[in-house]
Amino acid sequence: MEKKDLINKKSKQQKKLSSKEAELDQLDDKISQLKEIKTKLVNLKDEVKTIKKNVRSMVDDEHDYWKGDLKEDWEDVAKNDLIDEGLKAYIEKVDNNLDEVIIKIMELENKKYSTEGIIGSLKSGINWLGTQIETLFN
């Protein structure tokens with residue numbers, strides 16, 4: 001091979017490397033953004049769980065000055081509509097979105113790991129298992 005051919009091949013390889021490095025940087029940015037969203041969703045879920053607990057506690061409180069059918073009706077509506085249907089459903093939707101974000105993070109991390117050969121394959125496997133555990137207990 002001539003010097004010119006080798007220089008051209010080297011230049012092409014450097015361009016490919018730069019392109020892949022830029023792709024990895026974009027993946028890192030996306031992963032970082034998704035991790036921020038994940039943190040916000042976890043915090044939101046915790047806040048709503050606290051609200052649910054406080055509302056349930058308020059509904060279960062005894063009030064000597066309020067008795068009768070109207071109180072019982074209010075308790076039933078609060079427990080069934082607000083707590084069970086409203087807040088529980090909201091928490092489930094946040095949970096579902098959280099699972100989707102966790103899975104997307106795993107996919108992007110695994111895409112990144114795919115550039116690392118055998119070690120990347122092992123990282124991807126561990127990442128998949130970790131994601132399964134996290135979404136199971138989410």
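Q: Is Lys 20 buried, partly exposed or exposed, and what is its relative accessible area?
A: Lys 20 is partly exposed, since its relative accessible area is 47%. This value, like the others here, is computed from a predicted model.

Q: Which helix does Lys 20 lie in?
A: Lys 20 belongs to helix α1.

Q: What box do the C-alpha atoms fill?
A: Along the principal axes, the box is roughly 100 × 20 × 15 Å.

Q: What share of the residues is buried?
A: Of the 138 residues in the protein chain, 23% are buried. As for the surface, the chain exposes about 10500 Å², and carbon and sulfur atoms supply 54% of that area.

Q: Which residues make up the largest nonpolar core?
A: This core has 10 residues in all: Leu 27, Ile 31, Leu 34, Leu 41, Val 94, Leu 98, Val 101, Ile 102, Ile 105 and Leu 108.

Q: Which elements give two or more residues to this core?
A: Those elements are α1, spanning 3–60, and α2, spanning 69–113. The largest share, 6 residues, comes from α2.

Q: What about a second core, and which residues does it include?
A: A separate core of 7 residues exists as well, and Val 55, Val 59, Ile 83 and Ile 91 are among them. As a general point, nonpolar side chains tend to be buried together in soluble globular proteins.

Q: Back to Ile 102: what is it in contact with, leaving aside neighbours within four places in sequence?
A: Ile 102 is in contact with Lys 38, Thr 131, Glu 134, Thr 135 and Asn 138.

Q: What share of contacts in the chain join residues at least 24 apart?
A: Among contacts between residues at least 6 apart in sequence, 74% join residues at least 24 apart.

Q: Now Asn 110: is it buried or exposed?
A: Asn 110 counts as buried, because its relative accessibility is 18% and the cut-off for buried is under 20%. Its place is in helix α2.

Q: And what does Asn 110 touch?
A: Not counting residues up to four places away in sequence, Asn 110 touches Ser 124 and Asn 127.

Q: Where is Ser 32 found?
A: Ser 32 is found in helix α1. With a relative accessible area of 37%, Ser 32 is partly exposed.

Q: How far apart are Ser 32 and Leu 98?
A: From C-alpha to C-alpha, Ser 32 and Leu 98 are 15 Å apart in space, while 66 residues apart in sequence.

Q: Last topic, charges: how far apart are the mean positions of the positive and negative ones?
A: The protein chain has 26 positive and 30 negative charges, and their mean positions are 14 Å apart.

Definitions and conventions. Residues numbered from 1 in each chain as written. Predicted model: local features only at pLDDT ≥ 70, side-chain atom pairs only at ≥ 80, totals over all residues. Heavy atoms only, no water. Buried < 20%, exposed > 50% of the residue type's maximum accessible area, 1.4 Å probe, protein only. Contact = heavy atoms within 4.5 Å. Areas by Shrake-Rupley, 256 points an atom, 1.4 Å probe, with all protein chains shown as cover. Lys, Arg positive; Asp, Glu negative; His and termini not counted. Charge placed at Lys NZ, Arg CZ, Asp CG, Glu CD. Core = buried A, V, L, I, M, F, W, Y, C linked by side-chain atoms within 4.5 Å. Helix = DSSP H or I, 4+ residues; strand = E, 2+ residues; numbered from the N terminus.
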